[in-house]
Amino acid sequence: MAQLPAQLPLECWLDAALAGASTEEVRDDDGVLVGWWAENPQCTGASAFGATPDEARDKLRQVLIGWVELGQQLDQQIPSFHDGIVAAPA
């Protein structure tokens, strides 16, 4: 089963993953701001939407918890965030 690297417990991993996440405005066809999108490109398929950048990042944190748990169950590679370097766990 895939594991998070020993030096990165889940909370530290989440902090690092969120540090590498981006947020961007989401606007409707009339240009009205409707919310914010957050994602980390290293965590394929994990993203979140919120009314504010902080809400989008908070929701992304929750999504990433499930993303890691599912990845571990499916024996998928989970990116390792260490000093800004992303590498697949051994």
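Glu55 and Lys59 are joined by a salt bridge whose closest N and O atoms are 3.2 Å apart. The model is predicted, and a search of the whole structure finds 4 salt bridges.

**Salt bridges**
- Both Glu55 and Lys59 belong to helix H2, where they are 4 residues apart, about one turn of the helix.
- Glu55 counts as partly exposed, at 30% relative accessibility, and Lys59 is likewise partly exposed, at 39%.
- Salt bridges with shared partners connect Glu11, Asp15 and Arg61 in one network.
- Asp15 has a relative accessibility of 45% and counts as partly exposed.
- A salt bridge also connects Arg27 with Glu25, their closest N and O atoms being 3.0 Å apart.
- Arg27 is partly exposed, with a relative accessible area of 43%; Glu25, at 39%, is partly exposed too.

**Helix contact**
- The axes of H1 (residues 10–19) and H2 (residues 53–73) come within 10 Å and cross at roughly 125°, which means that H1 is oblique to H2.
- The crossing of H1 and H2 is right-handed.
- Residues of H1 including Trp13, Leu14 and Leu18 meet residues of H2, among them Leu60, Leu64 and Trp67.
- The residues of this contact comprise 11 nonpolar, no polar and 4 charged.

**Loop residue**
- Asp75 lies in the loop between H2 and strand E4 (80–82).
- The phi of Asp75 is near 55°, a positive value in a residue other than glycine.

Note on methods: Residues are numbered from 1 along each chain as its sequence is written. This is a predicted model: local features need pLDDT of at least 70, side-chain atom pairs count only at pLDDT 80 or more; totals for chains, interfaces and linings use all residues. Side-chain values use heavy atoms; hydrogens and water are left out. Axes are lines fitted to C-alpha atoms, for helices over the stretch in contact, and angles run from 0 to 180 degrees between N-to-C directions. Helices (H or I, at least four residues) and strands (E, at least two) are DSSP runs, numbered from the N terminus. Angles under 35 degrees count as roughly parallel, over 145 as roughly antiparallel, 65 to 115 as roughly perpendicular and the rest as oblique. A crossing is left-handed if the near helix is turned anticlockwise from the far one by less than a right angle, and right-handed if clockwise. Contact means heavy atoms within 4.5 Å. Ala, Val, Leu, Ile, Met, Phe, Trp, Tyr, Cys and Pro count as nonpolar, Asp, Glu, Lys and Arg as charged, and the others, Gly among them, as polar. A salt bridge is a side-chain nitrogen of Lys or Arg within 4 Å of a carboxyl oxygen of Asp or Glu. Buried means under 20% relative accessible area, exposed over 50%, partly exposed in between (1.4 Å probe, protein chains only).
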